[in-house]
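Subject: Structure handover

Hello,

Here is the structure we talked about. Please open it alongside this note; my findings follow below.

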Amino acid sequence: MIRSVSPYGSRKLYLLNSTKETSGFDSGVSQILYSSTQSYSNNTYNPTNYFLDSPTDEQVSINPLTSSFESNIDPEYPLTENFEELGYNEDDIRLKLKLQELEHALLDDNDNSAPNRSMEIETEWGYSLHESPKESSSYDSYVSSTSSAKEMFVARAQRAQATTPKELLFECAIAVSEGNLEEASEMINELRQTVSIDGEPSQRISAYMVEALAARVAVSGKGLYKALKCKEPPSTDRLSAMQVLFEVCPCFRFGFTAANGAILEAFNGEKQVHIIDFDINQGSQYITLLQTLAGQNQKPRLRLTGVDDPESVQRPIGGLNHIGLRLEKLAESLDLEFEFTAVAADTAVISPEMLKCRSGEAVIVNFAFQLHHMPDESVTVVNQRDQLLRMVKSLNPKLVTVVEQDMNTNTAPFLHRFHEAYNYYSAMFDCLDATLSRESQERVNVEKQCLARDIVNIIACEGEERIERYEVSGKWKARMMMAGFREYPISVSVNDSIRELIKMYSDRYKMKVETNAIHFGWEDKVLIVASAWR
């Protein structure tokens, strides 16, 4: 998700509970999600009101005969461990059981001889989850309609017990996963009255997650991420918002710092170094690296190869050629031997020949917030994620650095993914709350431009349209080892320097070294993991 941004100009260090804000930040952001004054309504959901600049390819339709929603979303069954934080107690469970007894009595649910009866899965919280039977006869149709009425009865009873917006939000996610879209839409409209993008952190994240659920109800996910225009060239506003995020949520910077520390140590004893970066973004990681290298005694000749898709290389804002020129000018001012090469190609088709490694060069490969965008075996027949790692291994690199956000949104089913996203981004919204005021336009822009798009893609999209496919550190470790790499622990000196950096921010930011990787987090939630490999 994160796109690094150039720190040129005056850089401001945001400290915990700081009240100082950048006065010159442009508030005229593109209206892709909310405007800060966007109000909620009970009108039928229209994606263009919240997310889109252009209509989606596929939207929900209403059947005039049944007044039911038609959608391509496949029902999924929830896994109970996702909802342990909802806070139900024994009295709640007993009440649910009473309601189920009442349901059986009212609907005469004692006939077990009917064919194709719905399958119920009883979770530890008492949720009854149904698989709707196929209508193959008039009798089956009767059973189906009875089951539908029963589901509505139970769903409304459960909804009535949801005492907080968070509980109702998760009830809504369950309804969406079961394909109960009418009930989900009612809950979405109810939630819109209680959440706000200007409120406390729990309200703000809920506001975006509600709209992500609404998008999933309204469209199957096909075409949605394209309509969000997330792959288009970033605007000046988006780049500015990313820079603010780096300042107020420095775990991303800590990740870059860890990678740079390992890379600089790999320079030892080398006369020529070739760094290959498959997602160089705005190049801020290398601005810091060049500045640090200039202060060292040993300064090898450095060649940096940046890879980007052909359409993006020439763009005036954030284009790879533009970034290369800036880095070359910086290196010249620092009296460093530096060469930049732009490779205009999609990462999936990169071959060793295109990277033009030279004899005598020590090859270093940097993967910073990039690998999670590569589809794996769960998306396509060709496992591009592992294929890229094997190609890199064939280069015989001296070092490979990996920095990624730590959550499971790749192969996890919808409800697992929903819970993962809620926990992860709750920590992100909390750390923003500790640094920027709730009235801050900077904060609203960061949340909309940098966080909300991820949330929408993770929750609303499926298949190839879902490109924010994060994995936990253990899965990355398994992939790296299967590709032939072995762990290379980041040195103690690098760890110590980062610990000193963390002290400049807040003691609520945490760092721990585990299984040869550095974990950075907010309080008890790990957000970023950095590791090195050979």
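**Helix pairs, sheet and salt bridges**

In α7, Gln 243, Leu 245, Phe 246 and Glu 247 meet Phe 252, Arg 253 and Phe 256 of α8. Contact here means heavy atoms within 4.5 Å. By class, this α7–α8 contact has four nonpolar, one polar and two charged residues. Ala, Val, Leu, Ile, Met, Phe, Trp, Tyr, Cys and Pro count as nonpolar; Asp, Glu, Lys and Arg count as charged; the others, Gly among them, count as polar.

Before the rest, the ground rules. This is a predicted model, where local features need pLDDT of at least 70 and side-chain atom pairs count only at pLDDT 80 or more, while totals for chains, interfaces and linings use all residues. Residues are numbered from 1 along each chain as its sequence is written, and side-chain values use heavy atoms, with hydrogens and water left out. Helices (H or I, at least four residues) and strands (E, at least two) are DSSP runs, numbered from the N terminus.

Back to the first pair. Helix α7 (residues 236-248) and helix α8 (residues 251-266) pack at about 85 degrees, with axes 6 Å apart. Therefore α7 is roughly perpendicular to α8. Axes are lines fitted to C-alpha atoms, for helices over the stretch in contact, and angles run from 0 to 180 degrees between N-to-C directions. Angles under 35 degrees count as roughly parallel, over 145 as roughly antiparallel, 65 to 115 as roughly perpendicular and the rest as oblique.

**Helix α14 and its partners**

Helix α3 (residues 165-177) packs with α14 at an angle of about 155 degrees, the axes being 10 Å apart. So α3 is roughly antiparallel to α14. Their crossing is right-handed. (A crossing is left-handed if the near helix is turned anticlockwise from the far one by less than a right angle, and right-handed if clockwise.) On the α3 side, the contact includes Leu 169, Phe 170 and Ile 174; on the α14 side, it includes Phe 414, Phe 418 and Tyr 422. The classes are nine nonpolar, two polar and one charged residues.

Helix α5 (residues 201-218) also meets α14. Their axes come within 9 Å and cross at roughly 145 degrees. This crossing, too, is right-handed. Among the residues in contact are Ile 205, Tyr 208 and Met 209 of α5, and Phe 414, Phe 418 and Tyr 425 of α14. The contact of α5 with α14 has 11 nonpolar, two polar and five charged residues.

**Sheet**

Eight strands make an open sheet of mixed pairing, in the order β7-β6-β5-β8-β9-β12-β11-β10. Strands pair if DSSP finds at least two bridges between them. The edges are β7 (338-344) and β10 (509-514), each pairing on one side only. Neighbouring strands are turned by 15 degrees against each other on average, direction ignored.

Strands β8 (residues 362-368) and β9 (residues 399-405) run parallel, joined by five bridges. Asn 366 stands opposite Thr 401 in β9. Helix α14 (residues 414-433) packs on the sheet and touches β9, β10, β11 (517-522) and β12 (525-533). Its direction makes about 105 degrees with that of β12. Helix α16 (residues 473-482) touches β9, β11 and β12, at about 15 degrees to the direction of β12.

Strands β10 and β11 pair antiparallel over six bridges. Lys 510 has Gly 521 in β11 as its bridge partner. The two strands form a hairpin with two residues between them, and Thr 515 in the turn has a positive phi of about 50 degrees.

**Salt bridges**

How many salt bridges does a search of the whole structure find? There are 23. The criterion is a side-chain nitrogen of Lys or Arg within 4 Å of a carboxyl oxygen of Asp or Glu. One joins Arg 443 to Asp 433, with the closest N and O atoms 2.9 Å apart. Arg 443 is in helix α15 (residues 441-460) and Asp 433 in helix α14, 10 residues apart.

Best wishes
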